[in-house]
Amino acid sequence: MTVTVAIVGRPNVGKSTLFNRLVGRKIALVDDTPGVTRDRREAEGRIADLTFRVLDTAGYEDVSDGSLEDRMRQQTELAIREADVILFMIDARAGVVPLDQRFAQVLRKAGKPVHLVGNKAESSAAEAGLVEAFKLGFGEPIPLSAEHGLGLSELYSIVSAAIDKAAEAKAAAAEEAVDALDIMPEVDVDITADMLEGEGDEATLRWNPRRYLNIAIVGRPNAGKSTLVNKMVGADRVLVGPEAGITRDSILVPWEWQGRTINLVDTAGIRRRSRVTGKLEKLAVGDSLRSIQYAEVVVLLLDATIPFEKQDLALADLVEREGRAMVIALNKWDLIEDKNRTLAELREACERLLPQLRGVPLVTISGLTGRNIDRLMDAIFAIERSWNSHVSTARLNRWLAGMVEGHPPPAIAGRRLKLRYMTQAKTRPPSFIVFASRPDAVPAAYQRYLVNGLRTAFDMPGTPIRLWLRGGKNPYVNKK
């Protein structure tokens with residue numbers, strides 16, 4: 001039985017450190033600077049044999065003025081409403097401060113089980129703060145050191161009790177359902193093939209679940225990534241606002257689209273390296289780059305009013321080098337007046353500026369209004385299929401013979417190049433091996449000719465393609 005545990009408290013008490021400790025990976029950004037975390041982040045936590053859902057939240061600020069801190073507070077309150085158990089964290093070395101007392105009042109009104117945790121309790125300097133914490137009204141505080149892993153046994157007892165309580169509630173609900181069935185008339189139901197395979201879709205999707213898909217949304221700051229994620233999932237899941245660079249952590253948001261489970265990852269905006277100076281921004285950019293590596297499809301979000309800036313092209317090239325499938329989404333399309341002319345110009349610019357991704361899908365959207373999200377998802381599924389393409393060896397070699405006949409490789413130093421054989425080594429991205437007489441001598445232009453031919457012949461537009469050249473074995477080697 002899964003329960004949700006929310007870690008809450010004022011800024012800079014160590015919530016993200018404990019989150020990383022429970023998750024077993026450093027996926028939340030951690031720094032001594034207060035207010036590093038802005039969005040609520042969720043993941044699967046584990047203590048010994050217990051698994052549970054754990055939420056990391058922004059530091060609580062007692063403001064209601066519409067500012068960034070106010071929106072962060074609202075995200076924390078959403079996490080409190082979702083939680084089954086709340087870990088209220090204070091800094092045991094600093095003791096109880098007025099903001100802790102104000103937050104305690106908010107938690108008492110939540111009506112959820114609250115457990116007080118005194119973090120940074122690894123030294124004797126924390127003893128006075130732990131005693132002072134009694135006045136918050138949540139009983140004896142749990143001494144903890146998130147950084148050193150001390151006090152996790154007490155957290156184990158808390159989570160274990162919550163899981164048992166949830167299991168009992170589920171069993172009671174099941175008994176009530178059985179009692180209700182006893183008073184219903186008996187109905188004979190025959191399960192038919194239509195129910196299992198039927199045209200529609202609820203049955204088909206339920207009986208034939210498809211694999212989840214990891215999608216990272218990347219782009220420059222203020223391109224509208226978080227706004228798009230919120231519109232897609234239909235909730236204010238990540239923090240948004242007019243300020244550039246609000247998102248710091250890469251936030252994974254589970255979502256379902258037409259029966260398919262999607263893991264959306266909202267990332268921090270990535271500026272040019274020369275402009276990234278602060279330590280926190282460097283951490284955020286590094287987190288975004290790791291999200292690209294773990295994604296299967298990357299949505300490169302461009303601001304349609306200022307598209308194809310140098311940083312946009314650098315990001316597209318990075319995605320291609322990482323071998324990820326990519327869709328380019330032109331956001332804020334509702335602000336464009338002459339849409340037909342602008343779209344034609346942008347398509348031409350895309351083909352000219354990104355020749356390594358010829359045919360990459362280009363979709364116009366509005367994250368604010370939700371325009372063309374269905375077209376964006378269609379493009380994502382199409383590029384995913386191309387990214388997983390596999391071509392039989394027989395088809396490849398028939399195609400290679402036609403390409404060589406139509407345009408033979410050039411002679412190098414008076415000697416002909418022979419392309420003998422071709423096979424596909426792997427998918428995700430599609431990767432091919434060509435065995436040649438002199439692989440090192442095949443010009444880069446001829447390799448591009450083959451790659452572009454693969455895209456056209458086997459319907460893989462915009463998909464990163466890897467082409468490796470290998471030397472064929474000499475049948476006369478070691479023979480006299």
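This dialogue goes through some features of a predicted model and how to read them.

Colleague: What kind of model is this, and how are its residues numbered?

Modeller: It is a predicted model, in which local features need pLDDT of at least 70 and side-chain atom pairs count only at pLDDT 80 or more, while totals for chains, interfaces and linings use all residues. Residues are numbered from 1 along each chain as its sequence is written, and side-chain values use heavy atoms, with hydrogens and water left out.

Colleague: How many helices and strands does the protein chain have?

Modeller: Helices (H or I, at least four residues) and strands (E, at least two) are DSSP runs, numbered from the N terminus. The protein chain has 14 helices and 15 strands.

Colleague: What share of the residues is buried?

Modeller: Buried means under 20% relative accessible area, exposed over 50%, and partly exposed in between, with a 1.4 Å probe and protein chains only. Of the 480 residues in the protein chain, 48% are buried. The accessible surface (Shrake-Rupley method, 1.4 Å probe; for residues, only the protein chains shown count as cover) is about 24,400 Å², and carbon and sulfur atoms account for 51% of that surface.

Colleague: Which share of the contacts joins residues at least 24 apart?

Modeller: A contact means heavy atoms within 4.5 Å. Taking contacts in the protein chain between residues at least 6 apart in sequence, 69% join residues at least 24 apart.

Colleague: How do I read a helix, with H11 as the case?

Modeller: An α-helix has 3.6 residues a turn, so residues three or four places apart point the same way. The expected span is 1.5 Å times one less than the number of residues. H11 (residues 339–353) has 15 residues and reaches 20 Å from first C-alpha to last, close to the expected 21 Å. Its buried residues are Thr-342, Leu-346, Ala-349 and Cys-350. Seen down the axis of H11, these fall within an arc of 100°, so they line one face of the helix; the arc is that of the directions from the helix axis to the C-beta atoms. Asn-340 and Arg-352, on the other side of H11, are exposed.

Colleague: Which strands do the buried residues of H11 pack against?

Modeller: They pack against strand S11 (325–331) and strand S12 (362–364).

Colleague: Which residues of H13 are buried, and which are exposed on the other side?

Modeller: Helix H13 (residues 393–406) has 14 residues and reaches 20 Å from its first C-alpha to its last, close to the 20 Å expected. Leu-396, Trp-399, Leu-400 and Met-403 are buried in H13. They cover an arc of only 105° around the axis, which puts them on the same side of H13. Arg-398 and Glu-405 are exposed on the other side. The packing partners of the buried residues of H13 are strand S13 (419–426), strand S14 (431–436) and helix H14 (444–457).

Colleague: How many salt bridges are there?

Modeller: Side chains of opposite charge can pair when their charged atoms come close. A salt bridge here is a side-chain nitrogen of Lys or Arg within 4 Å of a carboxyl oxygen of Asp or Glu. The count comes to 16 salt bridges. One of them joins Glu-42 and Arg-53, at 3.0 Å from N to O. This pair links distant parts of the chain, with Glu-42 in strand S2 (residues 41–47) and Arg-53 in strand S3 (residues 50–56), eleven residues apart. Glu-42 counts as buried at 19% relative accessibility, and Arg-53 as partly exposed at 23%. Glu-42, Arg-53 and Glu-82 are linked in a network of salt bridges.

Colleague: Where do Asp-91 and Lys-120 lie?

Modeller: Asp-91 forms a salt bridge with Lys-120, with the closest N and O atoms 3.4 Å apart. Asp-91 lies in strand S4 (residues 85–91) and Lys-120 in the loop between strand S5 (114–119) and helix H4 (127–132), so the pair ties together parts 29 residues apart in sequence. Asp-91 is buried, with a relative accessible area of 10%, and Lys-120 is buried at 18%.

Colleague: How many aromatic pairs does the structure hold?

Modeller: A pair of aromatic rings is described by the distance of the centres and the angle of the planes. Rings of Phe, Tyr and Trp (its six-membered ring) pair if their centres lie within 6.5 Å; planes under 30 degrees apart count as stacked, over 60 as edge-to-face and the rest as tilted. The structure holds six aromatic pairs. Among them is the edge-to-face pair of Phe-88 and Phe-103, 5.4 Å centre to centre with 80° between the planes. Both Phe-88 and Phe-103 are buried. The rings of Phe-88 and Phe-138 have their centres 5.9 Å apart and their planes at 85°, so this pair is edge-to-face. Ring pairs link Phe-88, Phe-103 and Phe-138 into a cluster.
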